[in-house]
Amino acid sequence: MLWYLLYPLRGTTEAPVLDPNHPFRRLCTRYATWAARHVKTVLPLSGAVVFLFLYLFPFLYARDATDGASLLPRNVWADTHPLRGGPAADADVIVQSAWIHGSYMKALDRDLLLAALDLQDRLLGPAVDFDPRRPQPHGFPPLADAQAGWDRRQRDALHLVYGLTDESWFFHSPLQYWRGSADVIAADPDLIATVNAKKLQTTSVNTTLRHCLVFSGERFDDRRLVGADALVITLVHRKNSPVGRQWARAAEELARAAAAEGDVPWRVIPPDGRASESRLYRIQFRPMSWFDMTLLTTAYSLIILNMLLRLSKFRAVKSRFGLMVTILVQVAAAILSSFSVCAVLKIDLARVPYYAYPLVVLAISMENSFRLINAVVLTSSAISNSDRIGEAFGSMAHIAVASHFHNWLVLYALSRVTSTSISAFCTFAAIAILFDFFYLTTFFLSVLSVDMRQRELWELERASLKRSKRKRGLAQTPAHSWRDAFFPTRIGETTTPTRIAGTVVVLSFVLVAQAYYNPTGDGRWLSQMFNLFQAVPRMPQPAILADINQARSPDSWLRIQDHETAREVIQVLRPGAHSFVARIYSPIVFVLKGADRTPDMPESRLPPGMHTFLDQLPRFAAWLLLMLAALRQFTNHLIKDRSQDNESSGPADGSSVLSVRALSKGHTLDVAMLTASPDGRLVSVGLDRAIQVWDVPSGARARVLSDPEVPLENPFPVLSMALDDRAAWLALVTWQRVFLWSVERNEWAGTRDVDLGGHRPEAVYFATKGPGVAPSLVLVRRNGIGLEIEIDKEEAKDFVICKTPLVWAVSFAEKCHSQPHAPPAILTLSRKGCIHLVRQRDDEWVSTEVQLGAERETRDAHSLVPIPGLSMYMVGRSRSVDLVDVHSSAIVHTFVTEPMKARTLKPVCWAGSQQPGLASFTLAYISDETGDLIVQTCLPDPDGAASHFGSCPAPSSPPHPWAPTKEAIQRIARPGVWEALPSGNVVGVRQKLAAGAPVSPTAPSAALGLRKRMAASSSRGSQAARSSSSTPAPQGWEAWVLSLHGDDSEGPRFETRPLEDEATADADGPNHFHHHLLISEPGPITRLGAMSAAVGMGDMIKVVSVGIEYFFDQRDGAGGGGVGVVGSGGGSNVALQALGVGSRRKRPGGGLGRARKESNPAEPGWMGT
């Protein structure tokens, strides 16, 4: 909600992103990484904190107020709220009281009790064995004038037990414990034991003589009353009751006698004995209705349903149910801790129903928990789990802190304008969300780390087993569930309802709950709530009271009254009602003359239960140690035999990090083109003129409908294609037209005529202009003219890039944190070696030639490779690579390479786990001399001044100088087709040779040349025998990975895995290769997400994953608005093979048909008609 409120100032509702160099982010990242690595320490410690408050809870709370503990909430709306009103305002009852003090905290002294009994008789008349229901032998005499007094029978006739009238009355007195008899008091051997034994004694009107009602300044020890400072006698009467007038007259007489130094042993305050100050109070005890219960139950159900729906979208966790339980346990721990702290602070929480307390905490906790899970999902899964959690927590910690601070401000503001009960609830919620953040950073972090470790092990174990037969019907378009219609979110996103749920729930609940404390009940509670800014003045107390050192003031005594007493009084005064209005007078204080009112010891600020807890501290310590040992053992069991997750993300048991999945039954001939979107959508084009759209996470596919007989629905020959980031639009480029296919609606969206000048386009991609705006399709022609096609408009416009024909073009969208919404751009390279940077400004494309310096102009550049995260790009040359800053066009660094095959350069930028910038920078390319894959890694010099390469600079700042580096080179022979992944890995597919077979140094790389079919018939046996003399006989295919981010002690890790492994078998069975086209070379390859690559293997597609792939909307490729397939001169990461290649269709007899005629091998990127 905070970011929505700041929208007028910031212009966006998205939360800000802290610079990776920010001290707060680095601190949070380091802490979370440490916590994830030390689960055995953090989880037991957080459990110890929970155990502390759980152990304290029974000492601090009780079901009633008879033993000094705080009251537990019940399902009632209870309150004692002061009202505005003068002396003439009407009230249901009038309350007068007398406070009787002896020496300090000696109210239960026998002499004081006897003197207080005499005082009570003077104020109310004799009350020995008081029972107004006692039958009168001669009936009640007629009522005499109050001024003349009346006897006991006349007084009792007006008692409330005979019905509620304008003259009714009743009273409470601690002397009723002894039946109002001096003889019983004198004969009692243990006065304190009697008080504790009769703490639940009832009066004649069925009200309970609770300690808090008849004493003030109580002192408890082990739930027993051991002392009190004052005896409290309370008279409750109606406005016209003669008993009330008799009380007032008697108090004035006692005051005059005390002033005259008569036989009265009392000092009276005020000296005249008149309680002239009074105030109106509304006392409420409203049980929750069925409507209240239904409303709160609906709110809880919606929160839990939202939690389940959100968790169902996460595949980065193993146990969704376990995480839900973790969130609920975290909320319960925060609530329990907040209750304990509020009891220590003596905050009364019994006024709001207990059923309402978890609501606010659950909403806010869920918001922060999902924010952390989303951050983990958005973090690269290539790094170790602890580093991943550290980076995720560092990226969201400032948002969580700001959100908590915002909620604290909201709760503070609400506490100032609401009733006392709601103000106490706001205080509880503020403390609870503080504890919730603490448990989020300890308990939840630890559990999430354990869950991610178990998820990783489960995925690796599942990949090592034989895949079960897949469900049928994968060829159909996946149906969207009803929840996707109502919650159209993607993994990694935080929905708007989740981001504002906490604040909305706080405001909604407080405003609704305030209606239950409306003083007048006329529905104008909202306006009256804000009138509470004008605080009701407190009842003034005589200044002389400061001299007697009262242990508890009258205002404080009134606030601690048990709400059960209010319920009992309401049932007596207004049966069936939920509240009454009382005019409460300031008490008349009687201090025994000669009493020592000097405090003998300072009053403890802690509640009585804390002293009992401190007495049992050794027992608590023993239970705590036992609990820590049990929790430590349980933690060891959770992470037993799991990967230790230190610096390396590889599995601890040495199992393979590679997994292979087959996508089959989509084509009958070779797959010739591939392109993918970040969320796991894959589009393939085959020689069989079939275009398939695969949903890789689910395995479903949908075919792009085309009719060769209808020109408007015949997108062949396909020269290039592009898929936008959301996988909503697919563009297919032919010689004269661009075909647009709506992936979401599964139908054609129209065509656009284009003129390509007889050449394939150098680049095709979708440019995203902003959220909610349809992307535009950008084509870069070989003649240096660009074309932008508006998807939602019937218009297209050309723009000039370069006057010289182009040999390379690539899209470039900066993703630096300093420019989160940088406009799309294009990098081009011409035949003459000039480089142009084309940017879109105000719907116009502006081309600027890049000047790299005179000494660089004549060198043989052959490719441009963007690095969006650094706002830089690489210029590939025959023996070197220049790293160029995109803003200043300055060459930051020059890497010397081996002779490089043109157009094979790819970067691997590996970000560190805690430091900003890059931990390493890797170049991958094919050697022009040997055909090997050269992986050249530049590492920071440990002896240098910097430990990381610089991060992206601001547009106006100069490029960061690179620290002195050292280089490491790895070689991979026969790389086949390969791809560099943003996770810091290089993956590929190549032929697997027999063990010990020699490799001819002159054998060409399997990634080069045209594809050919292996002969299976006897007519081709001799040809195979002849070829075996120079090239070892192939033994199938294998996937390989070079992990560049391994442990420093081990260095990069190289691993292979056979593609024919049973774990990769699809629905055709383990020998599925025998049911598909035989191939001699792999087909096109494209990156799929951050951890996977898809490669065409004949008529099927193999998805090779490193570790565990979680698909979400993450763009870290070259394309700024989509992933595009370009031709031999393009700059896409997708390697296109010649589409007019030799191919044979499989026949029933196992033989192969006649080869198709090759179509224009000079133009290898198009499909023959």
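**View 1. Arg990 is buried, because its relative accessibility is 10%, where buried means under 20% relative accessible area (1.4 Å probe, protein chains only).** The model is predicted, so local features need pLDDT of at least 70 and side-chain atom pairs count only at pLDDT 80 or more, while totals for chains, interfaces and linings use all residues. Residues are numbered from 1 along each chain as its sequence is written, and side-chain values use heavy atoms, with hydrogens and water left out. Arg990 sits in strand E40 (residues 985-993); strands are DSSP runs of E with at least two residues, and helices are runs of H or I with at least four, numbered from the N terminus. The side chain of Arg990 comes to 2.7 Å from the backbone oxygen of Ala973. Arg990 and Glu1038 are joined through their side chains by a polar contact of 2.9 Å (a pair of N or O atoms within 3.5 Å; within protein, one must be able to donate a hydrogen and the other to accept it, and residues adjacent in sequence count only if both atoms are side-chain atoms). Leaving aside residues up to four places away in sequence, Arg990 touches residues including Arg974, Trp1037, Trp1040 and Phe1054, contact being heavy atoms within 4.5 Å.

**View 2. Gly217 lies in the loop between strand E6 (215-216) and strand E7 (219-221).** Gly217 counts as buried because its relative accessibility is 5%. Gly217 and Gly227 are 10 residues apart in sequence, and their C-alpha atoms are 8.2 Å apart. Not counting residues up to four places away in sequence, Gly217 touches Met105, Gly227, Ala228, Asp229, Ala551 and Arg552.

**View 3. The second largest cavity holds about 320 Å³ of space.** Here a cavity is a set of points, on a 1 Å grid over the protein atoms alone, where a 1.4 Å probe fits but cannot get out, and lining residues have an atom within 4 Å of a point. Of the 20 residues that line the second largest cavity, Leu213, Ile283, Leu558, Gln561 and Thr565 lie nearest its centre. Elements giving two or more residues to this lining include strand E9 (230-237), helix H19 (554-559) and helix H20 (563-573). H20 supplies the largest share of the lining, 4 residues.

**View 4. Residues 288-309 and 395-415 are among the spans that UniProt, in an unreviewed entry, lists as "transmembrane region".** Such annotations may be inferred rather than shown by experiment. Residues 288-309 are 91% helix and 0% strand, with end C-alpha atoms 30 Å apart. Residues 395-415 are 100% helix and 0% strand, and the end C-alpha atoms lie 32 Å apart.

Conventions
Buried < 20%, exposed > 50% of the residue type's maximum accessible area, 1.4 Å probe, protein only. 1 Å grid on protein atoms, 1.4 Å probe; cavity = no way out; pocket = protein on both sides within 12 Å on 5 of 7 lines; lining within 4 Å. Points joined across faces, edges and corners; volume = space filled by probe spheres on them.
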